[in-house]
Amino acid sequence: MASDGFRPLDDKSLVEYIKATPSLSSKLGNQIDELQIKEVGDGNLNFVYIVASPSGSCVIKQALPYVRCIGESWPMTKERAYFEAVALKEHGRLCPDHVPEVYHFDRAMALIGMRYLEPPHIILRKGLIAGIEYPLLAEHISEFMARTLFFTSLIYRTTTEHKQAVAEFCGNVELCRLTEQVVFSDPYKVSQYNHWTSPYLDRDAEALREDNTLKLEVAELKAMFCERAQALIHGDLHTSSVMVTRDSTQVIDPEFAFYGPMGYDIGAFVGNLILAFFAQDGHADPKNDRKAYKVWLLRTIENTWNLFHKKFTALWDEHKDGSGEAYLPAIYNNPQLQQLVKQKFMSDLFHDTLGFGAAKMIRRIVGVAHVEDFESIADAGVRAGCERRALDFAKMLLKERRKFQGIAEVVSAIQKVH
């Protein structure tokens with residue numbers, strides 16, 4: 001055991017740990033001798049165990065002091081587990097229907113015990129690759145984003161409450177710096193961790209690094225990400241951070257959480273849906289051309305933003321006379337002015353969303369961590385074609401985002417690429 005009380009657990013030591021932890025053993029009906037343990041952490045950073053007994057189950061997640069997919073050569077603070085636990089609890093309080101319950105947190109061990117999302121829950125990204133429609137996805141994810149972003153913003157909170165929360169999450173600086181590097185810096189320069197479908201995209205990657213207009217836009221987004229403490233954001237809200245069935249949507253893995261720009265979360269989710277759309281041609285086969293599924297994806301992109309807009313502004317209306325200090329009732333007291341304020345705010349947020357969404361798309365094609373949507377396309381030439389269309393669209397969106405007045409225009413632009 002390290003001097004700070006940390007030790008990485010394996011199947012055997014995990015059983016001993018659970019035995020000594022009532023909040024976990026009670027969830028398993030105290031049937032410790034019959035535990036089944038399976039390590040399922042396919043992500044880039046952590047160990048994740050599913051623990052099941054005949055009368056209960058849970059998930060144990062432990063952060064390692066380095067990036068798991070790279071190794072000990074890339075150290076990483078295990079304190080991220082603390083911020084993940086705090087964010088899970090806060091998100092769960094604000095939106096309990098769409099966040100798994102936390103049963104236990106051990107800061108020294110960087111370990112979280114939480115609800116196991118039992119089958120048929122699967123990672124959303126895998127469902128999108130398989131071509132499965134989720135009729136409630138836009139409804140649920142817009143609810144999660146509207147509630148978590150609104151209630152942690154100054155539209156609802158006092159500046160005193162807000163500053164205290166911002167100060168706490170400033171401690172998650174290492175994961176913020178990781179995002180700054182892999183999303184806003186590495187794709188635009190030569191970096192040892194960058195890779196792409198070579199040789200097909202060699203010229204595309206080079207063109208990206210030479211595009212000064214793009215670099216100016218990315219600098220603006222990076223500044224906003226670093227400087228703007230707008231609300232508590234998940235910080236990594238892509239389609240592998242969501243588990244789904246046809247009637248359940250659960251948001252997991254908020255270890256990158258901090259107080260940042262709202263558009264980063266919305267953009268991450270929408271950008272990943274757009275990546276899924278561009279990957280569909282690579283998954284088409286004689287039995288299924290995926291055309292109907294692409295229509296569903298575009299509808300989901302449109303519905304996600306429109307429902308978010310509706311729910312967020314409804315919360316704003318409901319709490320307009322509350323203690324939020326961004327728009328004091330004594331100043332913004334007539335309906336016409338309130339409407340103007342909302343329109344301006346939501347328009348700016350929409351353009352932030354498009355910018356961050358585009359940046360997230362770019363990093364997944366030429367940066368360090370790619371997406372299975374494309375990686376699972378076996379034919380490199382076909383994969384590169386899909387990726388190029390996504391990359392070209394993302395570059396256009398990043399540069400021209402302010403020209404779009406609504407999400408329907410974005411969907412229309414996506415359709416024109418094909």
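## Ground rules

Helices and strands here are DSSP runs, counted from the N terminus, with a helix needing at least four residues and a strand at least two. Keep in mind that this is a predicted model.

His238 sits in the loop that links strand S9 (231–233) to strand S10 (242–244). Is this residue buried or exposed? His238 has a relative accessibility of 8%, and since buried means under 20%, His238 counts as buried.

So who does it touch? Setting aside residues within four places in sequence, His238 makes contact with Arg125, Ala268, Asn272 and Arg364.

## Helix H10

Helix H10 covers residues 262–283, 22 residues in total. From first C-alpha to last, H10 reaches 32 Å, close to the 32 Å you'd expect at 1.5 Å a residue. Most of H10 is covered up, too: 20 of its 22 residues are buried.

## Where H9 meets H12

Now for a helix pair. The axes of H9 (residues 212–227) and H12 (residues 335–366) come within 10 Å and cross at roughly 105 degrees, which means that H9 is roughly perpendicular to H12.

On the H9 side, the contact uses Leu221, Met224 and Phe225, while H12 brings Asp352, Gly355, Phe356 and Ala359. Sort the residues of this contact by type and you get 5 nonpolar, 1 polar and 1 charged.

## Cysteines

If you're wondering how many disulfides the structure holds, the count is 0. Cys58 is buried, at 0% relative accessible area. Cys95 is buried as well, with a value of 3%.

Methods. Residues numbered from 1 in each chain as written. Predicted model: local features only at pLDDT ≥ 70, side-chain atom pairs only at ≥ 80, totals over all residues. Heavy atoms only, no water. Expected span 1.5 Å × (residues − 1). Buried < 20%, exposed > 50% of the residue type's maximum accessible area, 1.4 Å probe, protein only. Axes fitted to C-alpha atoms, helices over the stretch in contact; angles between N-to-C directions. Parallel < 35°, antiparallel > 145°, perpendicular 65-115°, else oblique. Contact = heavy atoms within 4.5 Å. Nonpolar A, V, L, I, M, F, W, Y, C, P; charged D, E, K, R; others polar. Disulfide = S-S within 2.5 Å.
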